[in-house]
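Please read the following briefing alongside the sequence and the coordinates.

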Amino acid sequence: MGAVSAAGDCCYEILKTIRNDLFGIQSYNYFSPELKDLPVGKAWVTDSELLGFPGLEGKPVSRTILMALCALREAIYAGKVDEQKYSKDDPLKVVLVNATTVGGMDLTEREFTQLREGEGNAECMCSHDCGATTQAIADYLGVFSDYTTVSTACSSAANALLVGAELLKSHQADIVIAGGTEALTKFHICGFNSLMILDHEPCRPFDKNRAGLNLGEGAAYVVMEREETVKEVNDDIGEFGKVSIIAYLTGYGNACDAFHQTATSDNGEGPFLAMTEALRMAGLKPQQIDYVNAHGTGTLNNDLSESAALRRVFGEDMPAVSSTKGYTGHATSAAGAIEAVITLQALKYDFFPINRGWIVQDEGLIRPMMDDYAVEPLEHVMCNSFGFGGNDTSLIFSKHPVKTTAATHEVPQFEVRELARVVISGTEELPSVSEFVRPMEARRMSRLMKAAVLSSMRALREAGVDSPDAIITATAYGSVELSERLLNQLADNEPLKPTWFMQSTHNTIAGELAIRTHCHGYNITYTQGSQSLDWALRDARRILCQGSCKTVLVECHDETTPLFRQLMERAGRECQQEDVKSIAIILSCGE
Amino acid sequence: MKEQLIDVLNLEEMTPDDIDTDAPLFGDGLGLDSIDALEIIVLLEKKYGIKLANAAEGKAIFTSVRSIADYVSKNRKK
């Protein structure tokens with residue numbers, strides 16, 4: 001494991017901070033004077049310290065990349081990844097599954113005032129998007145044979161672990177390093193502020209007086225392998241010291257709340273389904289879970305719906321539950337991995353991370369754990385991450401293997417068929433979205449969203465499918481038009497428009513399609529440049545072959561603007577020519 | 001006020017005459033939702049210098065076009 005966060009710049013520092021309850025969020029927003037009273041969980045490590053990586057001096061490198069390098073260096077060293085990779089005659093296949101949503105926005109927003117005037121250094125566009133961020137990280141470290149990026153807002157990093165586990169089980173990778181990275185940006189601080197969900201005091205998850213979340217930043221990664229690989233490697237590399245297993249990822253589940261773009265349903269349907277699926281995969285009963293690291297952001301909505309979901313899952317047998325965001329802040333796309341690292345350390349050292357910030361019991365909510373002492377050793381722990389678009393993921397780690405994990409994917413292979421394929425190119429057809437969407441709904445949709453809804457709903461109609469079992473979305477750049485409008489608002493010192501901000505995350509589309517089709521199933525968004533659709537199709541084929549789904553909606557959407565085209569050209573990067581391009585495919589297993 | 005609401009809420013197919021000054025804006029009336037409430041909060045800040053502390057405060061004020069207009073005339077800073 002490796003991690004950087006406001007609670008410390010490595011796993012050990014984070015453990016020390018939380019184990020001893022040393023300090024919570026201590027920094028204030030330093031981006032904009034009008035929002036300077038907002039507490040943020042800033043990672044302590046400075047950009048100039050991070051630039052100490054050889055070869056990066058004098059180059060524009062985003063903080064998102066730098067923190068990832070820092071956390072990955074720790075993970076690669078601690079997991080003996082280099083030694084393991086070359087322990088056999090054929091090098092092991094090491095894959096990076098990275099999660100980020102802001103990508104290189106911290107650099108872009110700094111340059112934007114000049115960039116939009118045709119001036120400034122357009123080199124930042126080389127790592128502006130999420131996929132390019134991951135590529136830059138992988139290229140620098142040189143240990144990976146493949147890489148991909150998952151972007152599902154605040155559940156991104158948890159989904160990276162889930163995707164990584166599936167790559168291992170299906171033997172597409174021998175070692176996966178999975179996690180996420182996200183730097184604080186003015187862009188998303190002002191964006192979350194426009195949604196009025198930021199607390200002006202240090203956050204108070206599950207407290208009666210909670211008033212919102214504090215944004216945080218950081219990066220965290222875990223090294224994952226099949227158990228048999230660890231055994232084989234340990235037979236071969238004895239001289240370097242054996243690889244030790246911290247824990248077993250025994251269960252995981254992803255589900256979509258399919259309720260609202262930014263809020264969770266009152267009964268926490270998505271979180272309930274995610275936790276239930278994770279328990280089912282692990283073959284565990286709810287009462288066997290010893291600790292839950294809650295998503296627990298501190299917003300009125302999250303803590304209420306997460307409590308409802310926890311009560312539905314655990315009933316009278318509520319395990320110790322706490323949110324650790326009082327230490328780290330909400331590090332959005334990195335949160336799932338930072339909290340996985342915290343949860344894994346709780347499991348390893350048998351303690352409960354306490355719910356810093358909690359004082360007053362709210363009758364409607366669960367009572368979080370405020371005592372770190374665990375009477376019995378921990379055996380199974382759960383880690384929850386929920387994101388915009390209703391994207392909910394739950395992971396279960398266990399100290400010892402459980403029976404179900406022994407069997408990897410020995411499953412019947414189904415034949416995959418394509419039932420329908422619809423392509424929308426350009427903006428001429430977009431008004432036809434009114435076939436599927438009422439004017440009151442269409443009024444706030446971006447053009448990329450309209451294209452996505454139009455292609456997807458047409459494809460579903462053609463295939464005769466009302467509600468697919470899973471939705472897998474691909475996009476290289478997400479909503480370029482809205483990001484540009486928001487960057488213009490920032491540059492003009494205007495408050496951000498909430499409607500634009502909530503649609504600017506990459507997985508808004510998958511969330512919207514889930515709401516429209518009432519699909520509570522697997523929901524994920526890949527963003528890896530021109531490889532995005534390939535990754536989405538690979539994932540779709542995998543779940544169809546396993547027989548866990550019958551129909552999957554796979555789509556890919558991208559757009560461009562004159563300014564974006566110009567900036568990409570200046571940075572020497574390729575860019576699509578169509579203003580909007582959207583493709584929707586319905587795949588089915590051949591039953 | 002109606003023109004401004006049509007503009008910030010992208011009520012593309014509406015004219016000021018379509019909006020009843022006293023009808024409820026949320027739920028059964030015009031059918032606005034919580035995101036629209038956030039947009040109106042931004043509008044008040046940008047155009048009139050009025051800052052609301054939280055979204056719940058907006059709920060009480062944004063009952064109809066008239067109630068918003070009244071609130072603005074009493075509290076505007078610019």
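In this predicted model, 13 residues of chain B are in contact with 12 residues of chain A, contact meaning that C-beta atoms, placed from the backbone, lie within 7 Å. Local features need pLDDT of at least 70 and side-chain atom pairs count only at pLDDT 80 or more, while totals for chains, interfaces and linings use all residues. Residues are numbered from 1 along each chain as its sequence is written, and chains are lettered from A in the order in which they are written.

**Interface**
- On the side of chain B that touches chain A, the largest share, 6 residues, comes from helix α2 (residues 34-48) of chain B, helices being DSSP runs of H or I with at least four residues, numbered from the N terminus.

**Nonpolar core**
- The largest nonpolar core has 204 residues, of which A:Ala71, A:Val222, A:Val341 and A:Leu395 touch the most other members; such a core is a set of buried Ala, Val, Leu, Ile, Met, Phe, Trp, Tyr and Cys residues joined through C-beta atoms within 7 Å.
- Not counting residues up to four places away in sequence, A:Leu395 touches several residues, among them A:Ala158, A:Leu249, A:Tyr252 and A:Met382.

**A:His520**
- A:His520 is buried because 22 other C-beta atoms lie within 10 Å, the cut-off being 20 or more, with 12 or fewer for exposed and partly exposed in between.
- The C-alpha atoms of A:His520 and A:Ala255 are separated by 5.6 Å, although the two are 265 residues apart along the chain.
- Not counting residues up to four places away in sequence, A:His520 also touches residues including A:Cys256, A:Glu269 and A:Leu273.

Note on methods:
Contact = placed C-beta atoms within 7 Å. Helix = DSSP H or I, 4+ residues; strand = E, 2+ residues; numbered from the N terminus.
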